[in-house]
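Thanks for coming. I have one model to go through this morning, and I will take it piece by piece. Please have a look at it first.

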Amino acid sequence: MSQIDPIADALIHIQNSENASKKDIVVQPGSKLMKQILRVMKERGYIEGYAESKERHKTKFTVQLSGKINKIAAIKPRYAVTKNDFERYEKRYLPARDIGTIIVSTSQGVMTHTESKQKAIGGRLLAYMY
């Protein structure tokens with residue numbers, strides 16, 4: 001893995017493992033942001049769960065895949081988006097209306113684009129999945 005963008009590398013690893021029908025994978029290096037992305041994925045039902053483990057000063061996550069991800073990728077560059085701009089990015093990254101999720105980093109934490117629209121706050125786009 002390149003380690004230029006650990007979030008993008010982790011999401012590519014998840015996509016490749018889903019394509020290979022694997023059930024459990026290890027995502028490393030771990031970070032607080034990666035933990036929040038995995039939390040959103042679990043809440044939306046894209047993964048069954050995850051477990052965090054620390055070995056010396058390195059964090060890694062063991063992720064239980066559910067086979068429900070068709071496509072997952074990081075959004076680069078991480079566009080800044082206002083509360084009114086989500087529609088444009090939904091058309092760009094998601095296959096159809098109400099299908100898929102865009103993960104957004106906001107001032108109130110990491111959440112889905114629908115939660116962000118409901119709370120009327122903007123942020124930075126991190127990833128999309130469907």
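Is Ser17 buried or exposed? Ser17 is buried, at a relative accessible area of 2%. On this scale buried is under 20% relative accessible area, exposed is over 50%, and partly exposed is in between, with a 1.4 Å probe and protein chains only.

Before going further, the ground rules. This is a predicted model, so local features need pLDDT of at least 70 and side-chain atom pairs count only at pLDDT 80 or more, while totals for chains, interfaces and linings use all residues. Residues are numbered from 1 along each chain as its sequence is written, and side-chain values use heavy atoms, with hydrogens and water left out.

Back to Ser17, which lies in helix 1. Helices (H or I, at least four residues) and strands (E, at least two) are DSSP runs, numbered from the N terminus. Not counting residues up to four places away in sequence, Ser17 touches Lys22, Ile25 and Leu65; contact here means heavy atoms within 4.5 Å. Gln15 is also in helix 1, and counts as buried at 10% relative accessibility. With neighbours within four places in sequence left aside, Gln15 is in contact with Ile69, Asn70, Lys71 and Ile72.

Next, how helix 1 packs. Two packed helices are described by the angle between their axes and the distance between the axes. Helix 1 (residues 6–19) packs with helix 2 (residues 32–43) at an angle of about 35°, and their axes are 10 Å apart. The axes are lines fitted to C-alpha atoms, for helices over the stretch in contact, and angles run from 0 to 180 degrees between N-to-C directions. On the helix 1 side the contact uses Ile7, Ala10, Leu11 and Ile14; facing them in helix 2 are Leu33, Met34, Ile37, Leu38 and Met41. By class that contact has nine nonpolar residues, no polar and no charged ones. Nonpolar covers Ala, Val, Leu, Ile, Met, Phe, Trp, Tyr, Cys and Pro; charged covers Asp, Glu, Lys and Arg; the others, Gly among them, are polar.

Now the backbone. Which residues does a cis peptide bond join, with omega about -5°? Gln28 and Pro29, and Pro29 lies in the loop between strand 1 (24–27) and helix 2. The bond from Lys76 to Pro77 is cis as well, with omega near -5°; Pro77 is in the loop between strand 4 (72–74) and strand 5 (80–81). Ser21, in the loop between helix 1 and strand 1, has a positive phi, near 60°, and is a residue other than glycine. Ser21 is exposed, with a relative accessible area of 59%.

Moving to helix 3 (residues 86–93), where Tyr93 sits. Tyr93 is buried, at 15% relative accessible area. Residues up to four places away in sequence aside, Tyr93 touches Ile75, Tyr79, Tyr128 and Tyr130. The C-alpha atoms of Tyr93 and Ala127 are separated by 9.3 Å, and the two residues are 34 residues apart along the chain.

Last, Asp98. Asp98 is in the loop between helix 3 and strand 6 (101–106). Asp98 is not a glycine, yet has a positive phi of about 65°. Asp98 is exposed, with a relative accessible area of 76%. That is where I will stop; questions are welcome.
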